[in-house]
Structure formats: structure tokens, C-alpha cells
Amino acid sequence: MIPVMNLSRQYKILKEELDQSVVDVLSSGEFILGKRVRKFEEEFAEYCGTKYAVGVGNGTDALVIALKACGVKAGDEVITSAMSFIATAEAIVSVGAIPVFVDCTLDTYTIDANQIEQKITNRTKAIIPVHLYGQCADMGAIGEIAKRYKLKVVEDAAQAAGALYKGHRAGSLADIGCFSFFPTKNLGCAGDGGIIVTSSEELYKYCLALRVHGSGENGYYVYRMSHKMENEEYEINFKTNQPKYYNYISGFNSRLDEIQAAILSVKLPYIEEWNLKRRKYAEEYDKNILNKKFKKPFCKKENESVYYVYIIMTEDRDSLRSYLRANGIDSGVYFPLPLHLQKVFESLGYRNGDMPNAEYLAKHNVAIPMFPELTQKEREKIIDVLNHF
Ligand SMILES: *Cc1c(COP(=O)(O)O)cnc(C)c1O
């Protein structure tokens, strides 16, 4: 069976480097917030073109911490796309805010920027565009709306490490950007991991404080900011006084750990090559899948997608998936139900028909195999089988 994604092929290629990096952490005895996390944060910030990065426990926490750092509070509203993984909306609920869903477009499948403004109320605090399937959302239009209404923009870039919008990297296109290193993402670690990137010193320090219980010098910095304290002497000497036991704001325990950071530092130098391969395979699929029964992905010219997944749309998903399976090809669905129709949000009062594009996408999308180690023979077979459906 040709898998949709596969992690063991990549491990075989990088085995020596990866094994050594993990052994090094084990023998160092340093597991939490040590030099490897700092090193990877610097590398990843540089890669994204932002000043700072803060490694956290997973992509969902990255969104929660970023929203909190942006000042999103209980009762606020946050606008996001109806077509995403649950984590995007769940993060909004986690800070006590209310998710407000907007339909996606039928070409890029990202949030329809033209429908955002009508959803803005005086309680709206932020927008979370999702760079779905590896392609950046319409960040120019979203940035303009945010500026006009003084809203924060948090990028959900969990599916788009390395994607470009007008030559700039995902994560660097708004106030703050969030990534997941869940193993199957296009940059994945060996467990859970995530990161927040920003060029704002204030948001950076806020995130640093939030990931460690709001303690220490960064917690105090945020506390002083929120109490408009200036030029006062620090009440304790953070160099000598066990700063982690001084808490200033209510935070979380959510850190990227040293083993994951070490693994990610091994993988980061390969991400460009991997993304390039994904784009090359996508071009092959675009060019050679000629069966009129499918709608292939559309990438806007200002975007360079990283094809986290390659999605085709079909009117007859069940038969296509069985046909693929019968021919030794696995497939996936991203995602089968849009967020506004999830039972968990039933109290928000959305109905079937409210977001026609997201609903259409949820019913008809099929992800075909897409990962850098896919062989030419496998790609040819996938194309051939699809053309014979
Ligand atoms: C994977 C994903 C997340 C959450 O990441 P985790 O690391 O699994 O918490 C958030 N948003 C989107 C769009 C994702 O695909």
C-alpha cells in the first residue's frame, strides 16, 4: 500500500544524525529549556524571517499562548475559517473567547477575506487565518482589515512551515505565527512540539512568560507592562533568587523539550529540499492527472505552497477511496466536517448551509499520497490509477 504520509522512510535517511542528537541530550542530562531549545528557536526564527521564536508543547498550545499574549480574553470574539483542524477553534475557546466562523473560498480553500468584515463586532479582538494544506491565506487583505479595525492577527501556520506569501514566510506575515511539529506535519518532531514566532519584543516576552507559569523576569516584565509600571527597581534579583518561584501572571506549563528541539535542529536544514520535492510532485500531479472527474488544487501566484497535503475534489469520494485502496493506494480526508457543524460548537447556533464552501469541501476532498520520499514509480502509479478511475 502506498501511504498518504510516511515517517519511517525519512528516519532511515537521517538515522545516524537523529540517533546521535537524541543520545547527546540523554547524556547531557539537560531536558527542559536548555541550550538546544534556544538554538532551535534562533534557527527557526531566522528561517521564518522573524526576530524571535518561543518553543512550546504543541501547536494547539502555541495558538492558546499566542491569543493570550495578544490580549484575547473571556467574552471576546475571534474570527477564523470554518475549514480547519479543531485546534484552531479550540484555542479560542481555551482563552474564554468565542469563535466566529467565516466560510473558505472555493479556489484556495483558505478563509474568504471578503466575508470577514461582516462578521466583525465591537467584541472582535483577533483574526486567525489558517494556511490550509500548505498554502498561505489572503494575508494582504486580512492585514488591511485588521489594521482598519485594530485587530490582532494570529497565523495558524501548523500546515505551512516554509510556505511563502509574496516572498515572505508563513509565520512572519502578521503579529504572531503558530506552528505544530506533530510528527506528520511537513516539519515534524518525534512526539508533540510547537513554536510561536513574532518580531514583537512585547509579544515575545509575553509568550516566554506564559509557557513557564508566568514566572521570573519575563512574567515580571508582563506584570509591569500591564500595571503601567516604569523605571521602578526590580523587586528581586532574578540572577540569584530562583526566579521560577516568583509568579506574576497566570500561565501554562508548555515547553518544547530538549529532545524534540535536538531532532528539529537536525531536520530544519532539510526543510527547503523537502518542500521543493513536495512542490515538484504537486506539479507532476497537476500536469498528469487528467481525469475530468477531479478538481485539482489551485495555488495563487503570490503563494508558494508547501503541499502539506495534495487535495483533489471528487463528487464520489467513497468509490474513489475504495478504488484507490483496491489498487494499493491509501488516501485521507482533511477534514470530513467543518468546524461550525461540529457538535462541540452546537451552542453557537450555526446550521447546515451557513458555510456552503466549507461544507462542500468537507464532503468532497480526498488527500492523495504526498511526502518527499515518495518514489517516482509510486507517483506514476498514483497518476495512472487516478486517470483510470
Ligand atoms: C496540526 C494542527 C494544529 C495543532 O497542532 P498540534 O501540535 O497537534 O496541537 C493546529 N492547526 C492546524 C491547522 C493543524 O493542522
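Reply: Helices here are DSSP runs of H or I with at least four residues, strands are runs of E with at least two, and both are numbered from the N terminus. By that rule the chain has 12 helices and 13 strands, and F335 falls in the loop between α10 (317–326) and α11 (356–364). The model is a predicted one, in which local features need pLDDT of at least 70 and side-chain atom pairs count only at pLDDT 80 or more, while totals for chains, interfaces and linings use all residues. Residues are numbered from 1 along each chain as its sequence is written, and side-chain values use heavy atoms, with hydrogens and water left out.

Me: What makes the peptide bond from Y334 to F335 cis?

Reply: Its omega is near 5 degrees, and the bond is listed as cis. This deserves a remark because most peptide bonds are trans.

Me: Why is K150 called exposed, and where is K150 placed?

Reply: Exposed means over 50% relative accessible area, buried means under 20%, and partly exposed lies in between, with a 1.4 Å probe and protein chains only. K150 has 75% relative accessibility and therefore counts as exposed. K150 is placed in the loop between α5 (139–149) and β5 (152–156), and although K150 is not a glycine, its phi is positive, about 55 degrees.

Me: Is Y307 buried or exposed, and what is its phi?

Reply: The relative accessibility of Y307 is 9%, so Y307 counts as buried. Its phi is near 45 degrees, again a positive value in a residue other than glycine, and the residue sits in the loop between β11 (303–304) and β12 (310–314).

Me: How do you know that the radius of gyration agrees with a compact globule?

Reply: The radius is taken over C-alpha atoms, and the globule rule is 2.2 Å times the number of residues to the power 0.38. For 389 residues a compact globule would have a radius near 21 Å, and the chain has 22 Å, which agrees. The C-alpha atoms fill a box of roughly 75 × 55 × 35 Å along the principal axes, and buried residues make up 54% of the 389 residues. Among contacts between residues at least 6 apart in sequence, 72% join residues at least 24 apart.

Me: What makes a space a cavity rather than a pocket?

Reply: On a 1 Å grid over the protein atoms alone, a cavity is a set of points where a 1.4 Å probe fits but cannot get out, whereas a pocket is an open set with protein on both sides within 12 Å along at least five of seven lines; lining residues have an atom within 4 Å of a point. Grid points are joined across faces, edges and corners, and a volume is the space filled by probe spheres set on the points. The structure holds two cavities of 30 Å³ or more. The largest cavity has about 140 Å³ of space; 18 residues line this cavity, and L7, Q10, T184, K185 and R278 are the closest to its centre. The second largest cavity has about 110 Å³, and of its 14 lining residues the closest to the centre are Y133, Q135, P297, F298 and Y307.

Me: What is the volume of the largest pocket, and which element gives the largest share of its lining?

Reply: The largest pocket has about 650 Å³ of space, and of its 25 lining residues L33, L208, R211, V212 and N218 are the closest to its centre. The largest share of the lining, five residues, comes from α2.

Methods
Contact means heavy atoms within 4.5 Å.
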